[in-house]
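Here is a short briefing to read with the model open beside you. Take a look first, then follow the topics in turn.

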Amino acid sequence: MCGILAILDIDPTRSNSGELRRQALSMARKLRHRGPDWSGIYSDDHAILAHERLSIVDVEHGAQPLVDTLTGNLLTVNGEIYNHKDLQRGLRERHDFQTKSDCEVILYLYDEESPKKFLNAMNGIFAFVLYDPRNGSYLIARDPIGVVPLYLGWDRQENLYVASELKALTGHCERIQEFPAGCFYQGHEKEKGFQRYYEPKWAEPGFVPSRPYDALALRKALTDAVHRQLMCDVPYGLLISGGVDSSIIAAIAARYRENRVEEDDRGPAWWPRIHSFAVGLKDAPDLAPARKVAEHIGAIHHEIHFTIQEGIDALSDVVYHLETFDITTIRASTPMFLMMRKIRAMGIKMVLSGEGADEIFGGYLYFHKAPSGPALHEETVNKLSKLHLYDCLRANKSAAAWSVEARVPFLDREFLDVAMNLDPSLKIPRNTPRNIEKHLLREAFDGWLPDEVLWRQKEQFSDGVGYGWINALKAHAEAEITDGMMRGAGERFPVKTPLTKEAYLYRQLFESHFPMATAVNCVPFEASVACSTAAALAWDPSFKDRADPSGRAVAGVHDKAY
């Protein structure tokens, strides 16, 4: 996972390009945690492209910005294109490939196809800036779900800035916004603004899918996704929370451990030993199931314990790296942030994680209250459309803080087309034989995991690392934030006013790192029960006035509800 920084639309009559180049280098240094392996920069009078590289594929080559030697086009990209070999074989013209990087093919797709067509052909996670120095035009794009972060900013001279993280823009931009997922923006077509390229049928308003359940088809789609995402030239690991999602991903990956994906499975894997990782307070609910899964798949397992004080001490760093004040995200990100530091210390540079399954299959406990299949489907679509603000952000930035790349096979676009076109009435937990969430996914992988894990109740990550963690955060906020501070919360924070002391604490930390007013616009803010959207609060009368992001807030469903 790399860091990219670009300054575009430079008017040399208003801005000194030499000064801007020095400024760009300083801004890019703030992203070096995302890519400590090499730095690169290109500049002319109208544009600057900088790159901080984390080398995962083609470690020896692939330094950026990448250059098309025939056209002069330049590319700075943060991402992985899993089907790059298929895309390369499909090119109509002969191109001068300089590397074995999976991302170089973007340069040549741009030469041959419209942005909408070639972006929809790519299977991967990405954010990039492609610049044509011949006419000053450029293309900016972000992956369909927004797994990879991307932000835009403008300075007083109206220079356009593009960066992987907010922190690079701090102190330089007058206004900032997040680049929308599944969209592209062309500099020579500014009047069109952001153009959406990712428009799957299942996401259309009012559409209700009706495809019957096929366990074999679902299983194949997910195993194919995991297999694609094992493309890697460096040591990798598996995150196992002890829940069904990450455990299934780990079980699939273990079956492909022997062969090298980059050689179409014809050669032996460079790193055949599987290492797995779990984190929690001592005796946390997730730890024992995670150990069972690791033993079952034959992984070398690493159990990472943290203390409540260590978590509290890390909060400011977590807010700085995650760039959010969302309660759910910070609760879950802090243990993940601490775990990723240990993972990087072991030399691991890529991990597979289980984000996305709950949004696809209605896995959060509040989905037990879904009134109908169409209502559930609408909620899952809404959840996926906002995932870049929550779990994708958590996985990406918690890992990138320590120079690790997190990949999320459940959000593979081909798998999404299979899973999101299933009849949603089959996903409602109370309609399933065992009255359990994600029944379709569990049934598809029956026999791949120990039953006590495969059929274990959903435990949100921030709960699973130890129930004492959330209780301690609330107690810490109670001690730090006075009643008087809460009475003045509306004046102190008139936009997205915090409603609890815990929320006030995180908002205060956020502002200390990101004081510009428009940074707040990049952070989500809505009422929620157990990670629901605000719309789902109408599903059950018990949700009224009970906005708590923990899964234990769903009374009558969670085994240890409060």
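Leu139 stands opposite Gln186 in E11. Please bear in mind that this is a predicted model, where local features need pLDDT of at least 70 and side-chain atom pairs count only at pLDDT 80 or more, while totals for chains, interfaces and linings use all residues. Residues are numbered from 1 along each chain as its sequence is written, and side-chain values use heavy atoms, with hydrogens and water left out.

- Strand E7 (residues 137–142) pairs with strand E11 (residues 183–186) in the antiparallel sense over three bridges; two strands pair if DSSP finds at least two bridges between them.
- Helices (H or I, at least four residues) and strands (E, at least two) are DSSP runs, numbered from the N terminus.
- E7 and E11 belong to an open sheet of six strands with antiparallel pairing, in the order E4-E5-E6-E7-E11-E12.
- Strand E4 (66–67) and strand E12 (195–196) are at the edges with a single partner strand each, so one side of each has no neighbour in the sheet.
- Helix H3 (residues 105–112) lies across E4, strand E5 (74–81), strand E6 (124–132) and E7, and runs at about 115° to E5.
- Axes are lines fitted to C-alpha atoms, for helices over the stretch in contact, and angles run from 0 to 180 degrees between N-to-C directions.

**The parallel sheet**

- A parallel open sheet is formed by five strands in the order E15-E14-E13-E16-E17.
- Its edge strands, E15 (300–305) and E17 (405–407), each pair on one side only.
- On average, neighbouring strands of this sheet are turned by 30° against each other, direction ignored.
- Strand E13 (residues 236–239) and strand E14 (residues 275–280) run parallel and are joined by three bridges, with Gly237 opposite His275 in E14.
- Helix H10 (residues 327–345) packs on the sheet and touches E13, E14, E15 and strand E16 (350–352); contact means heavy atoms within 4.5 Å.
- The direction of H10 makes about 145° with that of E14.

**Helix H21 and its partners**

- Helix H18 (residues 467–480) packs against helix H21 (residues 501–513) at an angle of about 75°, with the axes 8 Å apart.
- That makes H18 roughly perpendicular to H21 (65 to 115 degrees counts as roughly perpendicular).
- Among the residues that meet here are Leu473, His476 and Ala477 in H18, and Leu505 and Tyr506 in H21.
- By class, the contact of H18 with H21 has four nonpolar, one polar and five charged residues.
- Ala, Val, Leu, Ile, Met, Phe, Trp, Tyr, Cys and Pro count as nonpolar, Asp, Glu, Lys and Arg as charged, and the others, Gly among them, as polar.
- H10 and H21 also pack at an angle of about 75°, with axes 10 Å apart, and are therefore roughly perpendicular to each other.
- Ile327, Ile330 and Arg331 in H10 meet Glu502, Ala503 and Tyr506 in H21.
- The contact of H10 with H21 has four nonpolar, no polar and two charged residues.

**Backbone details in loops**

- Gln64 and Pro65 are joined by a cis peptide bond, with omega about 0°.
- Pro65 sits in the loop between strand E3 (48–53) and E4.
- Asp264 is not a glycine, yet has a positive phi of about 55°.
- Asp264 is in the loop between helix H6 (244–255) and E14.

Technical notes: Parallel < 35°, antiparallel > 145°, perpendicular 65-115°, else oblique.
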